[in-house]
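Keep the viewer open as you read.

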Amino acid sequence: MTQQQSATLPASKFASLDELDEDAGNVLGIINYTTGAADPDTSRGHLRLDIHMAHGDSDSFSEVWTTDLPVESGESGGIAYAHDGEHLLCAGRIPPGDGYASGTRAAYARTLELMAELGYHHCARMWNFVNRINEDNADGLEIYRDFCKGRAEAFEAHRFNDSSVPAATGIGSLGGGIAFYVLASRTGALTPLENSKQVSAYHYPEQYGPRPPKFARATHLSVPGLDSASGQIYVSGTSSIRGHETLFAGDVEKQTLLALENVAHLIGPDTLSHHRIDQRSTLADLDTIKVYVRNHDDIPAVRRICEEHFSPDAQVAYLNVDVCRADLSVELEGIVR
Ligand code: 3EB
């Protein structure tokens, strides 16, 4: 592994669990959105994480991260990782408990240390899956807010300021405490994107919790040697929020449309030129999309609206889990490649 090799952008796709060949070459990691949770594992030479996000076999799937370079893996302080000299995937789990801030702070701190030790300083994307996300911890603080507190404290302790936070997802899960995984790059040029129609999450007022959610609305990742108009956009979990307020509580169709509008504005010409990125994208460029829907019975309506906006060739997974604010019914994320 050298830094001289021509850099590539990370690649991922969805696969069904039965078509998965875990021992195929060039696998950096396999994230299973499945019916149970397990600690992250590297026994097969790549990262594997099982997240409890599916109710049965029919909504289970795997997200497979692949690379052209040889992969090395390891584990440090409970954080499992795999890397290829250019990309790092790592994952951790905070077991179920009465509170999550201290566990989150410790696991995130270890993750940030690991990224620095291994030399992957450009953190593009984090995913966080939080069981009982809208329930209170032992002190009466909502578990999502408790998680946000630990995350903010870890970022602060590592001088990870608001301009270096990754794109992220913070979403409900069906069990297993908190599971998370992270994608970082060694040589990639990373630009955080904010949405001019939304208050930056890291500036949310205190009414949403003692510490704000620390994430960027999206990150743009390109690598040396690629022309400036190409690159990937990692779109964070996006919902029906304008300014910092939830809109259309109780109307899942309007919430879906506003979430889509937020993503379209975020990856569209105004936002990208504002961030000096010579690239234009639309919802039809989004792929490996996850749509999180709180109420199972809303999935058909949400799917119908999404299908009108996404490419017919896009991979789209619908997951029936809780969303971080009690008045949000839907959230969606994806990657522009
Ligand atoms: C929002 O815009 C909706 O806590 O990491 C979206 C993406 C949301 C990431 C997180 C939360 C997170 O505030 C919620």
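## Nonpolar cores

Let's start inside. The largest nonpolar core holds 69 residues, and the members touching the most others are Tyr33, Ile51, Met53, Trp65, Phe129 and Tyr181. Strand β10 (residues 178-185) supplies the largest share of this core, seven residues. There's also a second, separate core of 27 residues, with Leu193, Ala218, Ile233 and Tyr318 among them. A nonpolar core here is a set of buried Ala, Val, Leu, Ile, Met, Phe, Trp, Tyr and Cys residues joined through side-chain atoms within 4.5 Å. Buried means under 20% relative accessible area, exposed over 50%, and partly exposed in between (1.4 Å probe, protein chains only). Helices (H or I, at least four residues) and strands (E, at least two) are DSSP runs, numbered from the N terminus.

A word on the ground rules: this is a predicted model, where local features need pLDDT of at least 70 and side-chain atom pairs count only at pLDDT 80 or more, while totals for chains, interfaces and linings use all residues. Residues are numbered from 1 along each chain as its sequence is written, and side-chain values use heavy atoms, with hydrogens and water left out.

## Phe129 and Ile51

Setting aside neighbours within four places in sequence, Phe129 contacts (heavy atoms within 4.5 Å) Tyr33, Ile51, Met53, Ile171, Ser173, Gly177, Ile178, Ala179, Tyr181 and Tyr292.

Ile51 sits in strand β3 and counts as buried, at 2% relative accessibility. Not counting residues up to four places away, Ile51 touches Ile31, Asn32, Tyr33, Thr34, Gly36, Phe129, Ala179 and Tyr181.

## The four-stranded sheet

Four strands make an open, mixed sheet in the order β1-β4-β2-β3. Two strands pair if DSSP finds at least two bridges between them. β1 (11-15) and β3 (47-52) are at the edges with a single partner strand each, so one side of each has no neighbour in the sheet. The twist averages 15 degrees from one strand to the next; axes are lines fitted to C-alpha atoms, for helices over the stretch in contact, and angles run from 0 to 180 degrees between N-to-C directions.

β2 (residues 27-34) runs parallel to β3, joined by six bridges, and Ile30 stands opposite Arg48 in β3. β4 runs antiparallel both to β1, through five bridges, and to β2, through six. Ala15 has Ser62 in β4 as its bridge partner, while Gly29 stands opposite Trp65 in β4. Five of the six residues of β4 (residues 61-66) are buried, so this strand is largely enclosed by the rest of the structure.

## The six-stranded sheet

Another open, mixed sheet has six strands in the order β11-β12-β13-β18-β16-β17. β11 (189-193) and β17 (316-320) are its edge strands, each pairing on one side only. Five bridges join β11 to β12 (residues 218-222) in antiparallel fashion, with Ala189 partnering Ser222 in β12.

Helix α5 (residues 299-309) lies across β16 (286-293), β17 and β18 (330-336), at about 155 degrees to β17.

## The largest pocket

Which residues lie nearest the centre of the largest pocket? They are Tyr144, Tyr204, Ile241, Cys324 and Arg325, out of 26 lining residues. The volume is about 330 Å³, and α2 gives the largest share of the lining, four residues. A pocket is an open set of points on a 1 Å grid over the protein atoms alone, where a 1.4 Å probe fits, with protein on both sides within 12 Å along at least five of seven lines; lining residues have an atom within 4 Å of a point. Points join across faces, edges and corners, and volume is the space filled by probe spheres set on them.
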